[in-house]
Amino acid sequence: MGTIYANITLKGPQAQDILQELGNQGKSAFVSPTEDGLTTVYEMDSDEGEPSILTDLAEDLSGYFGCPALAVKTVDEERFCYWLYSDGELVDTYKSAAPSLDHDGRGKSLGGKPELLAQLFNTDVTSEEISEILHCPDQDCGFSLAVDRHLSLVELLGLPMCSVGFGFCDLDSGEYPEDLEDEDLLRVDAE
């Protein structure tokens with residue numbers, strides 16, 4: 001499990017269709033099996049590249065499939081970020097507090113529209129429950145690492161557990177989430 005990772009969870013399209021579109025775009029990526037309409041994409045350049053690599057792909061896939069896409073990235077073990085797309089449009093962004101990375105040292109989380117996460121991924125969850133995860137200070141909630149906040153959000157929203165703590169580099173090196181094995185994943189390589 002990586003401390004720096006990035007991936008995209010799509011709601012709606014099937015894994016094989018996503019894999020085909022990634023191939024059409026010339027991307028190298030792993031794609032998780034689709035479960036309950038949710039599929040996670042781990043694209044090679046997203047892990048360690050600029051966030052725009054991840055967000056551009058999330059925007060493209062969300063627009064192409066006309067679906068919600070949640071792109072996530074962790075930075076230096078401390079910061080959890082997400083970009084939420086619906087039908088190819090950026091509708092929300094979030095950046096957790098990371099006192100050692102924040103220039104002003106205040107360490108406040110920025111963004112996050114809990115009502116949109118609930119609307120697009122799990123209508124049984126309240127905005128207040130999501131807000132508590134997004135905006136609770138790390139020391140008050142036990143979020144010592146960015147992955148802890150991501151895990152809590154995934155559990156609450158019912159997103160794939162395989163999206164927590166893993167990116168392309170982890171999978172490429174043979175490190176897999178507990179709920180996945182090599183043969184479960186689809187892979188496409190840029191030509």
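The model is predicted, so local features need pLDDT of at least 70 and side-chain atom pairs count only at pLDDT 80 or more, while totals for chains, interfaces and linings use all residues. Residues are numbered from 1 along each chain as its sequence is written, and side-chain values use heavy atoms, with hydrogens and water left out. Helices (H or I, at least four residues) and strands (E, at least two) are DSSP runs numbered from the N terminus.

**Helix pair H3 and H4**

- The axes of helix H3 (residues 114–121) and helix H4 (residues 127–135) come within 8 Å and cross at roughly 120 degrees. Axes are lines fitted to C-alpha atoms, for helices over the stretch in contact, and angles run from 0 to 180 degrees between N-to-C directions.
- H3 and H4 are therefore oblique to each other; angles under 35 degrees count as roughly parallel, over 145 as roughly antiparallel, 65 to 115 as roughly perpendicular and the rest as oblique.
- The crossing of H3 past H4 is right-handed, a term used if the near helix is turned clockwise from the far one by less than a right angle.
- On the H3 side, Pro114, Glu115, Leu117 and Ala118 meet Ser127, Ile130, Ser131 and Leu134 of H4, where contact means heavy atoms within 4.5 Å.
- The residues of this contact divide into five nonpolar, two polar and one charged. Ala, Val, Leu, Ile, Met, Phe, Trp, Tyr, Cys and Pro count as nonpolar, Asp, Glu, Lys and Arg as charged, and the others, Gly among them, as polar.

**Cysteines**

- The structure holds zero disulfides, a disulfide being a pair of cysteine sulfur atoms within 2.5 Å.
- Cysteine 162 is in no disulfide, and its nearest cysteine sulfur, that of cysteine 67, is 16 Å away. Cysteine 162 is buried, at a relative accessible area of 5% (buried is under 20%, exposed over 50%, partly exposed in between, with a 1.4 Å probe and protein chains only).
- Cysteine 169 is likewise in no disulfide; the nearest cysteine sulfur belongs to cysteine 162, 17 Å away. With 35% relative accessibility, cysteine 169 is partly exposed.

**Positive phi in loops**

- Most residues other than glycine have a negative phi.
- Aspartate 36 has a positive phi, near 55 degrees. This residue sits in the loop between strand E2 (29–31) and strand E3 (38–43), and aspartate 36 is exposed at 79% relative accessibility.
- Aspartate 87 also has a positive phi, near 50 degrees. Its loop lies between strand E5 (79–86) and strand E6 (89–95), and aspartate 87 is partly exposed, with a relative accessible area of 49%.
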